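Welcome! Please open the model in your viewer and get ready to select a few things along the way.

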Amino acid sequence: VAALLRHARGATYSILLVTERPDPHRPHDTPTHKFGAFCPAPWPSCAKTSGRGWRHCGTPRTCLFSLSPSPPTLYPATGRDANYMTVSREHGISFGGEPNLPAMGISADLGTGSCLPSLTFGDTSKLASATRFAIACVQLWDLSAEDETGSGEGQGCTDPRAKGQGGQIDSVMQARRADTMMLPFINIERQVAGMRI
């Protein structure tokens, strides 16, 4: 987790993608589950995450999603609690629920995870093939505008490519078109278009 947090430094909008490791006893019988989280807030610094302490972050726009094997599904925050995302050097990354009973949790070594129903995101137990799973790959995609200032919460950013708007853009996706190429790939383009990110 420490290395991931170092790479996440400065990312105000990001997507965390998880690919589940297939069952070694039945590698061809088990479909590969791919799922993740949209993180519309800065990740906490590893230096600020000391000992067993959990660092809380995220916003009501934080959401979880599944990509495969079933049709893509979006799990937006329900508004029933504010446990969007927590990070601990010792315990890992947790989205929703309680840190030890997360809607989606990833261990500190990024090798295992869990998916459980939560007040934060509803029933996310179908994200993976089981409530406890092994991880093959974790990816973090930075969607932040290159010249973004501040937290980005409720703000646009200045970009000379935004003609007719005085250089002001309302979405990080307008500033970094290369990153929009990934949205159709993970099939959440329509859901993200409905959010002002």
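This tour goes from the whole chain to its sheet and then to one residue.

This is a predicted model, where local features need pLDDT of at least 70 and side-chain atom pairs count only at pLDDT 80 or more, while totals for chains, interfaces and linings use all residues. Residues are numbered from 1 along each chain as its sequence is written, and side-chain values use heavy atoms, leaving out hydrogens and water.

**The whole chain.** Show the protein chain as a cartoon: you will find five helices and 12 strands. These are DSSP runs numbered from the N terminus, helices being H or I with at least four residues and strands E with at least two. Of the 197 residues, 46% are buried (under 20% relative accessible area, with a 1.4 Å probe and protein chains only).

Next, follow the open sheet of 10 strands, in the order 3-6-7-8-9-10-1-2-4-5 with antiparallel pairing; two strands pair if DSSP finds at least two bridges between them. At its edges are strand 3 (55-57) and strand 5 (73-76), each pairing on one side only. Now select strand 4 (residues 63-68): four bridges join it to strand 5, and the two run antiparallel. Here Phe 65 stands opposite Leu 74 of strand 5.

**One residue.** Finally, select Thr 124, in the loop between strand 9 (112-115) and strand 10 (132-142). Is Thr 124 buried or exposed? Thr 124 has a relative accessible area of 0%, so it counts as buried. Its side chain reaches the backbone oxygen of Leu 116 at 2.9 Å. Beyond neighbours within four places in sequence, the contacts of Thr 124 (heavy atoms within 4.5 Å) include Leu 64, Tyr 75 and Ala 103.

Conventions: Buried < 20%, exposed > 50% of the residue type's maximum accessible area, 1.4 Å probe, protein only. Polar contact = N/O pair within 3.5 Å; in protein donor to acceptor, adjacent residues only side chain to side chain.
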